[in-house]
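Here is a short report on a protein model. Look at the sequence and the structure first, then read on.

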Amino acid sequence: MTHDTHHTAAQGSPVRDGAAGQLERLLQEFVETVPEVTHALLLSRDALALVSSGTATRDWVDKWAATLGGLASLAENVPGPLGGAAPLKLVLVEREDALILVSIAGSSGSGVFPNRPGASAGTVDTVLAVIASPSANAGTVGFEMGRLIDAFAPYMLTAVRTD
């Protein structure tokens, strides 16, 4: 990838230019404006970190992506009341130290993430993961995640939410 990078003064994390950079800025803005949210991550459906809000080490982000990608996959395959699988809307994990929320974020053209290996048919299916303090209002965070996913629409080939 030939994107130029520069460092943000506030967080010291690289901010990319282009579509991936715009998604990174949306994630950073989300963390800065939604009460008690501490981190946001856009990952591929197969659990590779794509874009992070920039508030954690790359090693932690990669581990988080691997774990939460697996969680998203498991949640989609849990049989529903009628026995079948259904698209994932939102998963909430409540821990003593955090709330973790996971949602499908749509399919992006692989041009947004050109170095992402394994993109099938030129698309990358994505998952949005958010971590918040344990006292965060899960309903508010989930609602704001939906708004963030709507803001991703210009970068996605397949929108998740419709009017």
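The face of H2 turned away from its buried side carries Lys63, Thr67 and Leu74, which are exposed. Exposed means over 50% relative accessible area, buried means under 20%, and partly exposed is in between (1.4 Å probe, protein chains only). The buried residues of H2 are Val61, Trp64, Ala65, Leu68, Gly69, Ala72 and Glu76. They cover an arc of only 130° around the axis, so they sit on the same side of H2. This arc is taken from the directions from the helix axis to the C-beta atoms. An α-helix has 3.6 residues a turn, so residues three or four places apart point the same way.

H2 covers residues 58-76, which is 19 residues. At 1.5 Å a residue it should span 27 Å, and its end C-alpha atoms are 27 Å apart, which agrees. The expected span is 1.5 Å times one less than the number of residues. Helices (H or I, at least four residues) and strands (E, at least two) are DSSP runs, numbered from the N terminus.

## How the model is read

This is a predicted model: local features need pLDDT of at least 70, side-chain atom pairs count only at pLDDT 80 or more, and totals for chains, interfaces and linings use all residues. Residues are numbered from 1 along each chain as its sequence is written, and side-chain values use heavy atoms, leaving out hydrogens and water.

## An aromatic pair

How many aromatic pairs does a search of the whole structure find? It finds one. Rings of Phe, Tyr and Trp (its six-membered ring) pair if their centres lie within 6.5 Å; planes under 30 degrees apart count as stacked, over 60 as edge-to-face and the rest as tilted. The ring centres of tryptophan 60 and tryptophan 64 are 5.1 Å apart and the planes are at 25°, so this pair is stacked.

Tryptophan 60 and tryptophan 64 are four residues apart in helix H2, about one helical turn. Tryptophan 60 is partly exposed, at 36% relative accessibility. Tryptophan 64 is buried, at 8%.

## The nonpolar cores

The largest nonpolar core has 22 residues. Such a core is a set of buried Ala, Val, Leu, Ile, Met, Phe, Trp, Tyr and Cys residues joined through side-chain atoms within 4.5 Å. Leu27, Phe30, Val37, Leu128, Val130, Val141 and Phe152 touch the most other members. Helices H1 and H3 each give two or more residues to this core, as do strands S3, S4, S6 and S7. A second, separate core of 17 residues includes Leu43, Val91, Ile100 and Val127.

What does phenylalanine 152 contact, leaving aside its neighbours within four places in sequence? Its contacts (heavy atoms within 4.5 Å) are Leu23, Leu26, Leu27, Leu42, Ala105 and Leu128.

H1 has 16 residues and reaches 23 Å from first C-alpha to last, close to the expected 22 Å. Glutamate 36 lies in the loop between H1 and S3. It has a positive phi of about 70° although it is not a glycine. Glutamate 36 is partly exposed, at 38%.

S3 is mostly covered, with seven of its eight residues buried. S3 and S4 pair in the antiparallel sense over three bridges; two strands pair if DSSP finds at least two bridges between them. Leucine 43 has alanine 49 in S4 as its bridge partner. The two strands S3 and S4 form a hairpin with four residues between them. Alanine 47, in the turn, has a positive phi of about 75°. Alanine 47 is buried, at 16%.
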